[in-house]
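Please keep the sequence and the model at hand while reading the points below.

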Amino acid sequence: PEPEEEEVEWIKNYIVEYTKAKTILWGNPKDRDIKWEWNYPIRFLKRIRRSQKLKNENPESTNSYKLKTYFLRTYNRFFSKQYYSNSTPYTSGKEDFVYFPLHYPKDSQLTLRGKPFMDQASIIETVARYVPYPYTLVVKEHPHARGWYKTSDIKKMASLPNVKLIHPFTNSHEIIPNAKGIIAINSSVGYEGIIYRKPVIT
């Protein structure tokens, strides 16, 4: 049913307050970003004693895996920057676009519930073919996942003629109000799009 006038007013107030507060449910992504900490060598040495046990129980907890992952994320994060679009019309309402937020690659929404969508670069490539001209498909990495996306995937998405990859730290509440629609696999951005009364495809 169509919402009552009071309900519409409540939703508008909720959006205003939420946007002002800039609530970040999972902590500040900049604090969780990959970076060097001076206690890493000590922590690394402490882990050596139990690395063999961890290797048998959980290979992803071993020192070698952690070290490899750290440097791989650092590499991906550094070289992905060049593919971000510097244009800002997507937060000012000057261009017609559809918004697609990427998932954290290791999220259970993909690995357990959305296995057909695990290769997100290919999904973007497919969706981009169906976005009507002159619309742009605006894509944003998950802010907590910088470095987890392969540089080759970032390059693949950014090279598509009607796709713009914007910086992961761009606030979604600056993008959604100006979008013509939202496409999401299974994201809170889809729910926020509904609150903003935008067409949503999941």
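Predicted model: local features only at pLDDT ≥ 70, side-chain atom pairs only at ≥ 80, totals over all residues.

The protein has 10 helices and five strands, and 36% of its 202 residues count as buried.

**The contact of α7 with α8**

- On the α7 side, the contact is made by A121, S122, I124 and E125, which meet D153, K156 and M157 in α8.
- By class, the residues of this contact of α7 with α8 are three nonpolar, one polar and three charged.

**The contact of α3 with α5**

- Helix α3 (residues 40–48) packs with helix α5 (residues 63–80) at an angle of about 150°, with axes 10 Å apart.
- Angles over 145 degrees count as roughly antiparallel, and α3 is therefore roughly antiparallel to α5.
- Y40, F44, R47 and I48 in α3 meet N63, K66, L67 and Y70 in α5.
- The contact of α3 with α5 holds five nonpolar, one polar and two charged residues.

**The sheet**

- Five strands form an open sheet with parallel pairing, in the order β3-β2-β1-β4-β5.
- The edges are taken by β3 (163–166) and β5 (200–201), each with a single partner strand, so one side of each is left without a neighbour in the sheet.
- Strand β1 pairs with β2 in the parallel sense over five bridges, and β1 pairs with β4, also in the parallel sense, over two bridges.
- Strand β2 (residues 136–140) pairs with β3 in the parallel sense over four bridges.

- Strand β1 is mostly covered, with five of its five residues buried.
- Both faces of β1 are covered: F97, Y99 and P101 are buried on one side, and V98 and F100 are buried on the other.
- Five of the five residues of β2 are buried, so β2 is largely enclosed by the rest of the structure.
- Both faces of β2 are covered as well, with T136, V138 and K140 buried on one side and L137 and V139 buried on the other.
- In a regular strand, the side chains alternate between the two faces of the sheet.

**Helix α7 against the sheet**

- Helix α7 lies across β1 (97–101), β2, β3 and β4 (181–183), and runs at about 160° to β2.
- The buried residues of α7 are Q120, A121, I123, I124, V127 and A128.
- Around the axis these residues cover an arc of only 155°, which puts them on the same side of α7.
- On the other side of α7, R129 and Y130 are exposed.
- The cover over the buried residues of α7 includes β1, α6 (108–111), β2, α8, β3 and β4.

**Helix α8 and its buried face**

- T151, I154 and M157 are buried in α8.
- Seen down the axis of α8, these buried residues fall within an arc of 125°, so they line one face of the helix.
- An α-helix has 3.6 residues a turn, so residues three or four places apart point the same way.
- The buried residues of α8 pack against α5, α7, β2 and β3.
- One of them, M157, is buried and is also among the α8 residues that α7 meets.

**Contacts along the chain**

- Of the contacts in the protein with a separation of 6 or more, 71% are between residues 24 or more positions apart.

Definitions and conventions: Residues numbered from 1 in each chain as written. Heavy atoms only, no water. Contact = heavy atoms within 4.5 Å. Nonpolar A, V, L, I, M, F, W, Y, C, P; charged D, E, K, R; others polar. Axes fitted to C-alpha atoms, helices over the stretch in contact; angles between N-to-C directions. Parallel < 35°, antiparallel > 145°, perpendicular 65-115°, else oblique. Pairing = 2+ DSSP bridges. Buried < 20%, exposed > 50% of the residue type's maximum accessible area, 1.4 Å probe, protein only. Arc of directions from axis to C-beta.
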